[in-house]
Amino acid sequence: METTPGDDRLLPGRVRLALLATRKVEALMSARTAEPVASPGAGRQDWEPLPRRSDRQGRLRGRRPGSGSGPSGANPSGGKGRSAAEGRFPGKGRSGGGPSARARWGLRAASVLFPLALWAAVSTAGLVDPTFLPSPLAVLEAFAEMLGTGQLLDDTLASLGRVGAGFGLAVLISVPLGVAMGTSAVALALLEPVVGLLRYMPAAAFIPLLIIWLGLGEPSKIAILVLGVVFFNTLMVADAVRRVPGELGQAAATLGARRGEILRKVTWPYALPAVVDAARINAAAAWNFVVVAELIAAESGLGYRIVRAQRFLQTDKIFAVLIVIGVVGLLIDVALRVLRDRLGRWVV
């Protein structure tokens, strides 16, 4: 129903108020649309426009804004699209920071070749008696001799078997304990004091007791490996489980998951890469302890081979065995790194 302003007094009170409000809104809208629309580039003339990002960085460094890069990010040398950060860090755009892949491989090769070159130079110059420091060539000959007789391969397999048994048993014990400590406050309060106390006791100090209890056979050697790994790995697994974000468990509980399902489907998959990484770190300790265990009353193994060569001052064989120990340990580390990366592809 259309009405004129003079007829407003004939309408009921509420209708008249609504009509007045409608006319007020229409007047405001017409006044707003009548205002001139500012162009996108227009603004207050007394305000200085904000500088570009590269210009602000240049001012912070005390340089003239825009120096070294043009409006489109090109530098004076003609490199298109290169930012100031790429100019300061050449490898940033290629691999996320640091040197390129070729440079990293060069540094790795240098870290190995430089000590070898220094060793060869010292032995060639005759600065040290060959009985104490054999040349790399003599070590290579000793390695070939032990490999040809089959001694080196047999000793390596014997040490790997002991490490596999001792380290595997330590992982089977430490992982459940660590998961319990990481998920239960009761288990943490019950186990942490004992584990924290025992991990400071050196495993080598238990050798006399283990010989008395278990004899000179394989059980005592495997027990040394277990004692040297289990306590450290337990605490590291517990720490990995505690680092799982609580929001993940809360979200699963909101969707109806029970406590066991949260542990099996949320906590364990998230913590698994860190658990493997903890095992990788402690595998080095197990590999060291097997050599210590084989120094006493052993008939095979790399540690046994070192003791036997020491009796006859065969330092070239000692060096060869030490290099084998390092290479095998490195291969174990690389294998566990690959396993960690495969299992942790979903973890950011």
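Which residues line the largest cavity? Select I207, L210, I211, L216, S220, K221, I224, V292, A293, I296 and A297. A cavity is a set of points on a 1 Å grid over the protein atoms alone where a 1.4 Å probe fits but cannot get out, and lining residues have an atom within 4 Å of a point.

Before moving on, note that this is a predicted model, where local features need pLDDT of at least 70, side-chain atom pairs count only at pLDDT 80 or more, and totals for chains, interfaces and linings use all residues. Residues are numbered from 1 along each chain as its sequence is written, and side-chain values use heavy atoms, with hydrogens and water left out.

Stop 1: Helix 9 (207–214), helix 10 and helix 12 each give two or more residues to it. Helices are DSSP runs (H or I, at least four residues), numbered from the N terminus. The lining has 9 nonpolar, 1 polar and 1 charged residues. Nonpolar means Ala, Val, Leu, Ile, Met, Phe, Trp, Tyr, Cys and Pro; charged means Asp, Glu, Lys and Arg; the others, Gly among them, are polar. The cavity volume is about 80 Å³. A volume is the space filled by probe spheres set on the points, which are joined across faces, edges and corners.

**Stop 2: the pocket.** Select G182, T183, V241, R242, V244, P245, G246, G249, R259, I262, L263 and T267, which line the largest pocket. A pocket is an open set with protein on both sides within 12 Å along at least five of seven lines. Its volume is about 240 Å³. Helix 12 provides the largest share of the lining, 4 residues. By class, the lining holds 5 nonpolar, 5 polar and 2 charged residues.

**Stop 3: helix 12 and helix 13.** Select helix 13 (residues 302–311) together with helix 12; their axes come within 7 Å and cross at roughly 50°. Axes are lines fitted to C-alpha atoms over the stretch in contact, with angles from 0 to 180 degrees between N-to-C directions. Now pick out the contact (heavy atoms within 4.5 Å). W287, V291 and E294 of helix 12 meet L302, G303, Y304 and I306 of helix 13.

**Stop 4: helix 7 and helix 10.** Their axes come within 6 Å and cross at roughly 30°. Helix 7 and helix 10 are therefore roughly parallel.

Key:
Angles under 35 degrees count as roughly parallel, over 145 as roughly antiparallel, 65 to 115 as roughly perpendicular and the rest as oblique.
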